[in-house]
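Here's a quick walk through one protein model. Have a look at the fold first, then read on.

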Amino acid sequence: MMSWLSQHLAALRDAMAHVASSAGSFILNVLVVAIALALPIAGLTILENVRPVSEQLAVEPEISLFMAIDTPRERVTALAPQIRHIVQASQSTGRLEFIPRERALTLLKDKTGLSDAITALGENPLPDGYVLKLSGVQSSSDAARVEAIAAQLKNLPGVEYVQIDSAWVKRLAALMQVLRIALLFLATTLGVVVVAVVFNTIRLQVMTQREEIEVCRMFGATDSFICRPFYYSGALLGLAAGILALGVVALALGPLNGAITEFARLYASEFRLTPLTVQTQFALLLISAGLGLIGALMSVKRHLARLG
């Protein structure tokens, strides 16, 4: 165990010595990789800040029930207890309002400005109805429950049509899903860019140390011994770029929050972007170091085989 640790510590020292000897090239490569990593990290930061707001946003979707035109008023009003029972059985709360056809006609005249045309129809073409306003519904998690309530209400006797006004709930959930997929695609694409940059960097490093590698092989050095410093160089490059990318995103939150605060104040909100959690940042650093290691693995194995 101690021998294994000493070998890896020696490889890490060799990698850090090479970084120190070519600091300018290393810094430029770190900048390139950091720019590639900063975009998905910024996107993840925004998405993680918006997600709790979208999940906690309470809405009141309306379910409108339209009765058959020939349904007697007594049967219509008798449905109110059944509607309330369906709502309670679904563990929901809401306000139920009966809209008689006479009131519906008056509202239609007032809102459309077509009172003369409606009066010319003679008879009232509108049916009696109910408007159910559900409360405490979350933006995405309870959308299915609202649809289930509407399906049960549609089966009530005398109900001809049920309209549910929660389409925007689905749109919001779909938008969040699209953003997640877009962020995943962006992260994957830029992850490939990071691997390619590290691949090329380690390739140049291997070619520069070609004679040193040949001498080590003459003295019986194994490929594992030769490869370890290059692996650590790739991992250090990815780790340093990840730290820089996180720092850039954290610094950018300051001026960005200044603009967001002014915008949120118009809507009586105190929303502001906060940095990612320590656990998330640590995971991102591991990923960035892992991408560097993958690039180094691919590059070293390929070019050592050519030198072999």
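## Strand pairing

How many bridges join strand 2 to strand 6? There are six, and the two strands run antiparallel. Bear in mind that this is a predicted model.

Strand 2, at residues 62–67, also pairs with strand 4, at residues 129–135. That pairing is antiparallel too, with five bridges. I63 is a handy spot to look at: it stands opposite L132 in strand 4 and opposite I164 in strand 6.

## The chain overall

Zooming out, the protein chain has 11 helices and six strands. It runs to 308 residues, and 36% of them count as buried.

Now for the contacts between residues at least 6 apart in sequence: 83% of them join residues at least 24 apart.

In soluble globular proteins, nonpolar side chains tend to be buried together. Here, the largest nonpolar core has 35 residues, and L37, I41, V194, I202 and V300 have the most contacts inside it. Helix 2 (23–56), helix 8 (167–208), helix 10 (223–265) and helix 11 (278–307) each give two or more residues to this core. Helix 2 gives the most, with 10 residues.

Take I41 as a close-up: leaving aside residues up to four places away in sequence, I41 touches A245, L246, V249, L276 and L284. Apart from this core lies another one, made of 20 residues, including L65, L134, A150 and V159.

Terms used. Residues are numbered from 1 along each chain as its sequence is written. This is a predicted model: local features need pLDDT of at least 70, side-chain atom pairs count only at pLDDT 80 or more; totals for chains, interfaces and linings use all residues. Side-chain values use heavy atoms; hydrogens and water are left out. Helices (H or I, at least four residues) and strands (E, at least two) are DSSP runs, numbered from the N terminus. Buried means under 20% relative accessible area, exposed over 50%, partly exposed in between (1.4 Å probe, protein chains only). Contact means heavy atoms within 4.5 Å. A nonpolar core is a set of buried Ala, Val, Leu, Ile, Met, Phe, Trp, Tyr and Cys residues joined through side-chain atoms within 4.5 Å. Two strands pair if DSSP finds at least two bridges between them.
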